[in-house]
Amino acid sequence: MNLPNKLTLLRIFLVPLMVIVYLALPNDLLVISKASGFALKHLLALIIFSIASITDLLDGKIARKYNMITSFGKFADPIADKLLVNTLMILLVYTHEINVIAVLLMIGRDLIVDALRMMASSKGKVVSAGIYGKAKTVLQMFALIFVLLKNWPFSIIHLPIGSILVWAATAMSLYSGFIYFMKLKKYVLETM
């Protein structure tokens with residue numbers, strides 16, 4: 001197994017660790033102050049999420065640079081990304097830290113795009129992630145980081161940057177989903 005695939009597997013294995021840390025630690029173990037609401041579980045989840053996000057950046061760069069792209073990597077990398085991001089979004093909905101509608105829209109979009117990709121794949125067409133899908137993932141990751149940081153340093157000026165980025169990621173998610181649908185609709189329509 002090559003290094004990019006090992007990094008992808010590491011990202012997958014970090015997901016349950018993040019869940020355990022986030023759910024097991026109480027909210028009253030604060031890192032800064034009670035007013036900030038920044039608990040130890042947020043800090044540890046942020047560290048785990050950041051490490052996992054960095055593995056996402058590294059595995060793709062290494063795979064492309066050293067021609068280590070594999071079928072396993074093409075299959076597992078997007079699953080690892082969605083598992084990481086969607087799990088953290090669900091945890092944050094569970095603790096009422098992000099809007100459930102935004103999360104439902106983004107997860108719904110992911111399911112539809114995955115179904116479109118599977119239909120295209122059954123016809124021999126491989127669909128890689130487009131620029132808007134990548135932008136959606138980057139926006140999601142930044143949004144989640146700021147939500148975990150309790151909007152710091154923007155909290156000083158009372159700017160809810162985490163929520164703003166969540167909704168920007170939702171908009172980009174829906175737009176990129178529309179692009180995928182337009183690109184792959186012939187595979188859906190021919191089966192009707």
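Tutor: Helices (H or I, at least four residues) and strands (E, at least two) are DSSP runs, numbered from the N terminus. On a 1 Å grid over the protein atoms alone, a cavity is a set of points where a 1.4 Å probe fits but cannot get out, whereas a pocket is an open set with protein on both sides within 12 Å along at least five of seven lines; lining residues have an atom within 4 Å of a point. The model is predicted, with local features needing pLDDT of at least 70 and side-chain atom pairs counting only at pLDDT 80 or more, while totals for chains, interfaces and linings use all residues. Residues are numbered from 1 along each chain as its sequence is written, and side-chain values use heavy atoms, with hydrogens and water left out.

Student: Which element gives the largest share of the lining of the largest cavity?

Tutor: The lining consists of Met89, Ile98, Met106, Gln140, Ala143, Leu144, Val166 and Ala169. Two elements give two or more residues to this lining, helix H5 (131-148) and helix H6 (161-189). The largest share, three residues, comes from H5.

Student: How much space lies in the largest cavity?

Tutor: A search of the whole structure finds one cavity of 30 Å³ or more. A volume here is the space filled by probe spheres set on the grid points, which are joined across faces, edges and corners. For the largest cavity, that space is about 40 Å³.

Student: Against which elements do the buried residues of H5 pack?

Tutor: Among the buried residues of H5 are Gly133, Lys136, Gln140, Leu144 and Leu148. Contact means heavy atoms within 4.5 Å, and Leu92 is in contact with residues including Leu144, Val147 and Leu148. The buried residues of H5 pack against H1, H2, H3, H4 and H6.

Student: How much space lies in the largest pocket?

Tutor: The largest pocket is lined by 50 residues, of which Lys74, Asp77, Pro78, Asp81 and Ala129 lie nearest its centre. The largest share of this lining, 11 residues, comes from H3. The space in the largest pocket is about 1,800 Å³.

Student: Which residues does the cis peptide bond join, where omega is about 5 degrees?

Tutor: Most residues other than glycine have a negative phi, and most peptide bonds are trans. In the loop between H5 and H6, Lys150 has a positive phi near 60 degrees, and Asn151, which lies in the loop between H5 and H6, has a positive phi of about 70 degrees. Pro153 is also found in the loop between H5 and H6. The cis peptide bond joins Trp152 and Pro153.

Methods:
Buried means under 20% relative accessible area, exposed over 50%, partly exposed in between (1.4 Å probe, protein chains only). Lists of a residue's contacts leave out its neighbours within four places in sequence.
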